[in-house]
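Here is a friendly look at the aromatic rings of this structure. Take a moment with the picture before reading on.

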Amino acid sequence: MPKNEKSSSTDPEPPEPSTASSEPVRFALYNVQVRDADLRFDDRPAQRVHHVVALQIGLPFLSNLPSHLEATVEPHVAFHYDGAAFDSGAQAVPFAQRRHGELSLRIAELDLAPFAPYVPATLPLRLRSGVFGADLSLRFELPETGEPR
């Protein structure tokens with residue numbers, strides 16, 4: 001055999017090109033939690049420090065395995081941000097043919113004055129003080145056929 005000719009018996013065969021599957025990657029997550037975390041954001045250009053305390057994140061279960069497609073997912077996020085309480089939760093069926101759910105968000109007594117440096121100077125208003133609160137609920141549905149509601 002000439003020097004520059006390669007032996008096919010010792011060279012590995014090139015891998016076959018993979019064909020893309022139309023199936024999604026399957027997964028299951030169980031009992032994902034963050035408890036009592038603290039976050040501090042030091043915004044030096046605005047000369048503000050923002051503080052998130054008592055951060056709670058919970059995701060008891062999330063799966064797109066075929067046997068779990070109709071399972072209800074119930075995530076929860078709660079924390080205090082610069083003294084204001086935030087609490088959110090949801091119940092959803094995100095992987096079923098008829099996706100649906102409900103999201104709730106509660107914000108209690110968020111002081112708006114610390115956000116004054118973030119209001120663009122080009123706006124025809126100046127934020128001096130204010131308190132924001134909300135208790136929101138959102139329902140959603142994506143039927144098998146038709147438009148989201």
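At 52% relative accessibility, Tyr30 counts as exposed, where exposed means over 50% relative accessible area, buried under 20% and partly exposed in between (1.4 Å probe, protein chains only). This is a predicted model, in which local features need pLDDT of at least 70 and side-chain atom pairs count only at pLDDT 80 or more, while totals for chains, interfaces and linings use all residues. Residues are numbered from 1 along each chain as its sequence is written, and side-chain values use heavy atoms, with hydrogens and water left out.

Phe61, by contrast, is buried at a relative accessible area of 17%. Phe27 is partly exposed at 31%, and Phe95 is partly exposed at 28%.

How are Tyr30 and Phe61 paired? Their aromatic pair is tilted. Rings of Phe, Tyr and Trp (its six-membered ring) pair if their centres lie within 6.5 Å; planes under 30 degrees apart are stacked, over 60 edge-to-face, and the rest tilted. Tyr30 sits in strand β1 and Phe61 in strand β2 (residues 48-63), so the pair links distant parts of the chain, 31 residues apart; strands (E, at least two residues) are DSSP runs numbered from the N terminus.

The structure holds 6 aromatic pairs, including these two:

| Pair | Geometry | Centre to centre | Between planes |
|---|---|---|---|
| Phe27 and Phe95 | edge-to-face | 5.8 Å | 80° |
| Tyr30 and Phe61 | tilted | 5.2 Å | 50° |

Phe27 lies in the segment before β1 (28-43) and Phe95 in the loop between β4 (84-93) and β5 (99-111), so this pair ties together parts 68 residues apart in sequence. Elsewhere, Phe79, Tyr81, Phe86, Phe115 and Tyr118 form one aromatic cluster.

Terms used
Helix = DSSP H or I, 4+ residues; strand = E, 2+ residues; numbered from the N terminus.
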